[in-house]
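My notes follow in the order I took them.

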Amino acid sequence: MGKKEQNYLEILNISEKLPMEMKRFSIVYKLMALVGFFLLSVTLTVTWKNASIFEQMSSDREEAFNLDLVESRTQALDVIIQSSIDKEIALGLQAFKNDSTLEAEFNTLDDYLAFKVIDLLNGKVFKYQKNDLNSQLLSSIETRFLELDTYNSIVSSGKIFILNGPVGSDPFYIIGIPLIRDSNNMITTIAWGAWRLSQLSKIIPHQNGRELFILDSLGKTLLHSNEKKILNAEDLGNLPIVKDAQNTELPTMQKYYGDNKETLGAFSKSRF
């Protein structure tokens, strides 16, 4: 069974738990999103190799390990992002239906901080947030949610959008998803969700001689082995390896960088 077919079966399983009138929304959304997974390849996992460690291992072994590392980390990233998207779909549809059980269910999810659903046709906005958020984190989320209007058109075109939290805030990230299409196949409702960054932290292992990071949809640092670069949302879009990743359709690649080719870099593209 192919990857797309397997994901589609998972969609049907999720949709069976929804009220009948909402099933068509979930299925239509996910069919659209399956295409988007392969078209929107902007979230990157990158690793750099330092020459002193390189000398301790054969080049063939090091290159194989390097590529396997970024590929396995990207697979782990995709599993977490997919799980988050599935929760945004379920809760977004509940919000759209004014489901009375939504608030209680939402507050049981540790990593989900806040979300809003935007009905683009009627101009309605449904907003939910955790009851126990501290004032600073709540303010940061509100700030980011206000800025998201700039990107509504991107999500309403059918793309999944991932964005870091504001500089200096408690680490969190945002996922924007198309939610509902009408009978003319136009996206009429989108959702944005704020998630604790801690659920992604296990993806980046701490290894001497390596610098690993994940970028958001704008090329800003989402996760990094150096925590300061996360808090500063550092823009790494000008790094040669990032430019190479953005300018190729290859899902993974590695090459040597530097005047003396002393640095081995590898990237693996997320399907988001």
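I began with strand 5, residues 172-181, and found it mostly covered, with 10 of its 10 residues buried. Buried here means under 20% relative accessible area, exposed over 50%, and partly exposed in between, with a 1.4 Å probe and protein chains only. Strands are DSSP runs of E of at least two residues, numbered from the N terminus.

The model is predicted, so I kept its limits in view: local features need pLDDT of at least 70, side-chain atom pairs count only at pLDDT 80 or more, and totals for chains, interfaces and linings use all residues. Residues are numbered from 1 along each chain as its sequence is written, and side-chain values use heavy atoms, with hydrogens and water left out.

Next I looked up the partners of strand 5. Two strands pair if DSSP finds at least two bridges between them. Strand 4, residues 161-164, runs antiparallel to strand 5 and is joined to it by 4 bridges. In that pairing I found L163 opposite I174 of strand 5. With strand 6, residues 187-196, strand 5 pairs in the antiparallel sense over 9 bridges. I noted W192 in strand 6 as the bridge partner of G176. Strands 5 and 6 form a hairpin with 5 residues between them, and N185 in the turn has a positive phi of about 70°.

I then turned to strand 2, residues 112-119. Strand 2 is mostly covered too, with 8 of its 8 residues buried. Strand 2 pairs with strand 6 in the antiparallel sense over 7 bridges, and there Y112 has W195 as its bridge partner. In strand 3, I found F126 as the bridge partner of V117. Strands 2 and 3 form a hairpin with 4 residues between them, where G123 in the turn has a positive phi of about 70°.

Which order do the strands take in the sheet? I read an open sheet of 5 strands, ordered 3-2-6-5-4, with antiparallel pairing. Strand 3 (124-129) and strand 4 stand at the edges with a single partner strand each, so one side of each is left without a neighbour in the sheet. Neighbouring strands of this sheet are turned by 15° against each other on average, direction ignored. The axes behind that angle are lines fitted to C-alpha atoms, and angles run from 0 to 180 degrees between N-to-C directions.
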